[in-house]
Amino acid sequence: FSSRRRHTRYIGDWSSDVCSSDLIMKPNLLGLSREKMKALFSELEEKPFRAQQVMQWIHQRGVLDLNEMTDISKVLRGKLEQLVEIRAPKVVADYPSEDGSHKWIIEVASGSRVEMVFIPEGSRGTLCVSSQAGCSLDCSFCATGKQGFNSNLTVAEIIGQVWLARQQLDGFDAAAQRRISNVVMMGMGEPLMNFEPVMDAVSLMMDDWAYGLSKRKVTISTSGVVPAIRRMKEYTDASLAVSLHAPNDALRSSIMPINKKYPIVELIDAVKEYMASLQDKRVPVIEYTVIKGVNDHRQHARELAKLLKTLPCKINLIPFNPFSLSDYRRPSDSVISNFREILQHAGFTVTVRTTRADDIGAACGQLVGDVEDQTRRQERHARRAEARQNEASEHSGQSRVERARILASTGEAAASDPLVLGS
């Protein structure tokens, strides 16, 4: 159980995990952190140990029916039935991959559908969890961003993904070897744009009354919401991954609009501040999606090494995974290998993420779900993709030089076109 906790007001605060609609809903015990569960029982004038009992029933035994919690009195169970509910998200589809990975699609209260993915690798099993239905950001290499944004997930909808995966994988069998060893907040959405629900969900993942995962095994990934990174140290000591994807502001701003608001120097300063607040020696993971003709040149690797020389870190190179609304392409293995060697020669620990679950559309950057978009971004991207396809058909007989001139003249040169970039 992590000792790091926020300063929270508990005047009815245990009832905060409800859908952001106008409907009045019962608080969902699945989404109550230790502090909020204790606050609930305190208001009911019950002993604090009741919070531990209920949390263990839910998260460690997989029980969602109050009547099955046999060490709780009938009177208290009846009282709780009037005040609260215990409800996990609904699984609407599941897709096993040939490589052993598994994707589930769940329906959330807003009506949208989000995705979560389990990826086994040797003795490690990593669950990739979503935090939003869609994403409020619009990174050009990410399929989720093209879906637009619908809503933030509640604590119950976030931790419910861990609950559901455990139910599906081992059925909460206490004797079975735990298959989920790591959780990464790298699914749909930007976790730090849904700050407090994510912090509560992460605290449950690491709580010994719930899932008891090590703080080294729970990772929050962010595209660089600097004020939220600075706040993290007051709420959690989970591990941190940073989606960087470019070695300079000009390039990063062109593929990640958030960089226009929070440039790289501010991002790195915030990351250093958070890592310095941790009591153990951990380093952040720098995520870098390698895109053909965009950010994969040797000079980009040298520039990245220079940028990160004062930040102890590990670098994870992610070969781009194609999806329908993007013209980007995956670089060759030799290009990725050369990129890695330059970074390794500069003294960095570098891994290349193995593409997993791409046969079920669950590789990194491919998660889309079914989002009832409130931003109309999904519609705009679909129109642009259709226009590009029509344009490609019209100019299919032209030489690459002619096509490059046409694209350049309209200001729509694709960043993935090596001729336009002059690679």
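Reply: The protein has 13 helices and 12 strands, where helices are DSSP runs of H or I of at least four residues and strands are E runs of at least two, numbered from the N terminus. The model is predicted, so local features need pLDDT of at least 70 and side-chain atom pairs count only at pLDDT 80 or more, while totals for chains, interfaces and linings use all residues. Residues are numbered from 1 along each chain as its sequence is written, and side-chain values use heavy atoms, with hydrogens and water left out.

Of the 423 residues in the protein, 53% are buried (under 20% relative accessible area, with exposed over 50% and partly exposed in between; 1.4 Å probe, protein chains only). Contacts are heavy atoms within 4.5 Å; of those between residues at least 6 apart in sequence, 68% join residues at least 24 apart.

Two strands count as paired if DSSP finds at least two bridges between them. On one side, β2 pairs with β1 (residues 90-96) in the antiparallel sense over 6 bridges. His 102 in β2 is the bridge partner of Pro 96. The two strands make a hairpin with 5 residues between them, and Gly 100 in the turn has a positive phi of about 95°.

β2 is also joined by 6 bridges to β3 (residues 113-121), again antiparallel. Here Trp 104 stands opposite Met 116 in β3. This hairpin has 5 residues between its strands, and Gly 111 takes a positive phi near 95°. In a regular strand the side chains alternate between the two faces of the sheet.

For comparison, consider a helix pair elsewhere in the chain. Helices α4 (residues 155-170) and α5 (residues 195-206) pack at about 35° with axes 8 Å apart; axes are lines fitted to C-alpha atoms, for helices over the stretch in contact, and angles run from 0 to 180 degrees between N-to-C directions. Val 155, Ile 158, Ile 159 and Val 162 of α4 meet residues of α5 including Pro 197, Val 198 and Asp 200.

Helix α5 also receives α1 (residues 34-43): the buried residues of α1 pack against α2 (49-60), α3 (74-83) and α5. Among those buried in α1 are Met 37, Leu 40 and Phe 41. Glu 45, which follows α1, has a positive phi near 60°.
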